[in-house]
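Hi,

Here is the structure for you to look through. Please open it first, then read my notes on its aromatic residues below.

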Amino acid sequence: MWASNNFVCLINSISMSNFIKFAFITIFTIGSINMVAQNNYRPATAKSNQHSYFKGGKINIINSSHQDIAWMDSIGACEKWRDENMITPVLNILANNLQFCFTVEDALCLKEYLKRHPEKYADILKFTKEGRLEWGATYCEPYESMYDGEALIRQTYLGIKWLKKALPGCDFLCAYNEDVPGRALQMPQILLKSGIKYLHFSRHEPGIYRWFSPDGSNVLAYTPGQYYEASLPVEQAKTDGETRSAFINYLNSWNSYYKYNKIIPNLPFYYSLDWSKPNEFKSIFKTWNENSKIEKLPTLNFSTGSQALMAIDNNAKFEKLNGERPNVWLYIHGPTHEKALTASRKANRMLIAAEKFASVNSILNGDFSVYPQNEFTKSWENAIYPDHGWGGKHGDLTDLTFRNSFETALNISNNVFQNSINGIAQAIDFKKDGQAVVVFNPLSWERTDKAEISINTYGKENQSFKIIDAISGVEVPCQQIRSVATKETDEVVTLIFVAEKVPSMGYKTYYLQPFMEASSTEDAGARGGYTNQIPQQPTNPSTIEALANSDSFENQFYKITFGNGGLKSIYDKQLQKELLNTDKFQGGEVFQLESVGNGAGEFADVQPTSMNGFEQVGQYKSHWSCSEYGPVKKSWEFTQQTKFASIHQKISLFENLKQIEFDVDILGFSGEHYREYRMAFPLNQTSSKIAYEVPMGVVEVGKDEIKGAAGFSKSSQIYSTECTKVHPREVQDWFNASSNNTSVNISSSVAVFDWIDPTNMSNAYPVLQPVLLASRRSCHGEGNFYLQPGNHSYTFTFTSGTGDWKNSIQSGKQPNMPLQTILVKAQNRKGGLPESQSFVKVDKNNVIVSTMKKTDDEDNYIIRLYEVAGEDTDVTVTLPFTIEKLCKTDMIEENGKEIQMNGNSFTTKIGHNAIETFKLQLKK
């Protein structure tokens, strides 16, 4: 994503009210280069005319061309450009110049090209085998922390794993993500354990680094700074003399760095711009190399990216980077593309759930063909297709394609999931006749949680239902929460109940008993009110008691007080502590403020919000009304018209679950330019530890980021903000604040959150804030606004307890992977499955089953585990199936090493923060 219209982009992103501030920051930032990079041997700041260290060495020129899926033009136009101006010319050059090498950054480019030119396959295979044509080892170049952990792993499945099948006998050792100023915590581990040893990246202090994940896995990573900036002096040279001077200057800038770190004198030179065409450097190669010995210069050589790093991969004193680099371009996805990212997040989670239960269904059938491999492949291709090139020229078309891709993945995964759980339910030996509600738990721990089931009454008036626990035989409270007319005489009602102790990666059965309600309105109302007894008519909509509309309410867990815009108080009765500090914001209050900026661009820090036009819902009188008052949950809501949208908020408390659910709708947003909506949870804490979930890990703010600032990228882009201080952040399922043995956790339906009060950066207490929506614009000079007019809906689940985030991992993940239900006809099937069953159990809470799936290339199964709390752990995994053979493999199911198992279980050591993959051969 090359901002070829940098000045236009900057002006588009800066209001006049902020221009003076911007100018000051720009001058200050450029002047801070020596503060960021204090070592005078660094390539960015070295002032030397010396290049003697490289005498007898090499400059390894990595010819490439940076390619977003789109950005420079529409997707179709960019595919055509890659064909006609990059890959086809490269193949012609490779055929005629035996020294030439070229690197294509990802596998998707090859897949696109072979669809257009299947006749070129033999040439591609030949040149790739020769090591002169390289394909990047990931599917595309994504925003890493935007995606779920399994989705990041599928970047390597559809990257290196697919490439090895498509081009047998070839190696793919290097990944490329040249544009995005952010790295996920676990990406080095995912790459290394997939067989990818090297990484080329950009927008970072120039250097050669060992980048570590917290388990100790690392890749050798090279960055020239800003990818195209390093290429520009050579690209703009008009004569061999100017080209020679550009290379000499490049050598001079790296001389001290190489010498200080004792690196083999082979210097990578990454030659790549957006839409740059292959360059043979014909005349300069000849004259330079003829005189290199005389002039004590290194030789010029063509190289691939992996070859260039392989040439220096020894015991040199490479700098180390440990941890997450927070992405400063995070506004480009969740906040500015809410509906697309909502579909993405749901698709990632549903795909994993579908894989787990499709695997179980195929095992129960004794038939691997039952596992819908083609559907999964198609769904994952759609789920991870969108790269970092949102917006740009014709960005409205690109963004729509990306959203459609996510929605396609979600639809496929939903269908596979439903088919799989239906197949499992049909194998259950039900002990009673009638209708059974089978509750499925996709997560790898036993859980007690809310469940919903929808039932067609087929026109029967006064129809109601009881739900009976099949294991205990006890009726459980249930409550009607929705009723929808489907035909003139049909009605579909949705019931909610709390399903207790649903087994891990398994199911539990309940029976549905229909009965007819009494026709007397008086009797129905009397019985509908909540009592401490099991309700005799649980699905009759309950009478709302007069006390329900008072200013406060309490259950066994919380006492809440309603205020203007949100909750004035949340008192945890178990902790005996007030959880909120509502001096400025109410709990769950929505506010909006100015948000001038872009999704991505040539800025050096997250573009901040401002107080211009600030508005909070609490400045209006909130008319709270109780809308549900049943035996399962009780809800209150209000709607408030604000400047650019109506805000509807609903708060629900549960009788037997310690959680508060916040549902918020932004209704009829006008699409006003440069506005941002957030939700506030101001906490009664000081000196808080802030933590949040990232793909297959957790980041504690101030602890798990790379040290210092990312530094010099180019003279006009110096990342001077320390990574620990970058905010907002990308988040997966939850974020948390803890202090003095009190922990508050928010399970999030959005991809970005903050904890620093944007109205007062020096605020002493944390304000946890999901970022709901931002109407910014693309930084491309011809790019689109991300206005998102219309309706947007969100759900957040508030929980609290003792300790810190380690006690909230499970409750944080559950709302984004709710219990799933299916209604089936109950039949006795002797020898069938029991009425409650776990298919995979792990005996440690800090170890999570990421997925269970059929192996791609064999008739076996994969179970992937990861450790989340940073503790070396001995874990036992138990299945209801006999294991004949067990192998520990790499991330892409290859290079298996047999390990011991014990019948239907195995015990293994999972290192701290490790991701491990196991292949199971089950007894038939």
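Both Tyr250 and Trp254 are buried. Keep in mind that this is a predicted model. The two residues share helix H10 (residues 240-261). They sit four residues apart there, about one turn of the helix. Planes count as stacked under 30 degrees and as edge-to-face over 60.

Tyr250 and Trp254 also belong to one aromatic cluster. Its other members include Tyr53, Phe54, Tyr222, Phe247, Tyr257 and Tyr258.

Trp81 is in helix H4 (residues 75-96). Trp275 is in the loop between strand S8 (266-271) and helix H11 (282-291). The pair therefore ties together parts that are 194 residues apart in sequence.

Are these two tryptophans buried or exposed? Trp81 has 10% relative accessibility, so it counts as buried. Trp275 has a relative accessible area of 23% and is partly exposed. The cut-off for buried is under 20%.

Two charged residues lie over rings as well. Lys466 is over the face of Phe515, at 5.4 Å from the ring centre. Arg777 is over the face of Phe785, at 5.1 Å from the ring centre.

Best wishes

Terms used
Residues are numbered from 1 along each chain as its sequence is written. This is a predicted model: local features need pLDDT of at least 70, side-chain atom pairs count only at pLDDT 80 or more; totals for chains, interfaces and linings use all residues. Side-chain values use heavy atoms; hydrogens and water are left out. Buried means under 20% relative accessible area, exposed over 50%, partly exposed in between (1.4 Å probe, protein chains only). Rings of Phe, Tyr and Trp (its six-membered ring) pair if their centres lie within 6.5 Å; planes under 30 degrees apart count as stacked, over 60 as edge-to-face and the rest as tilted. A charge sits over a ring if NZ of Lys or CZ of Arg is within 6 Å of the ring centre and within 35 degrees of the ring normal.
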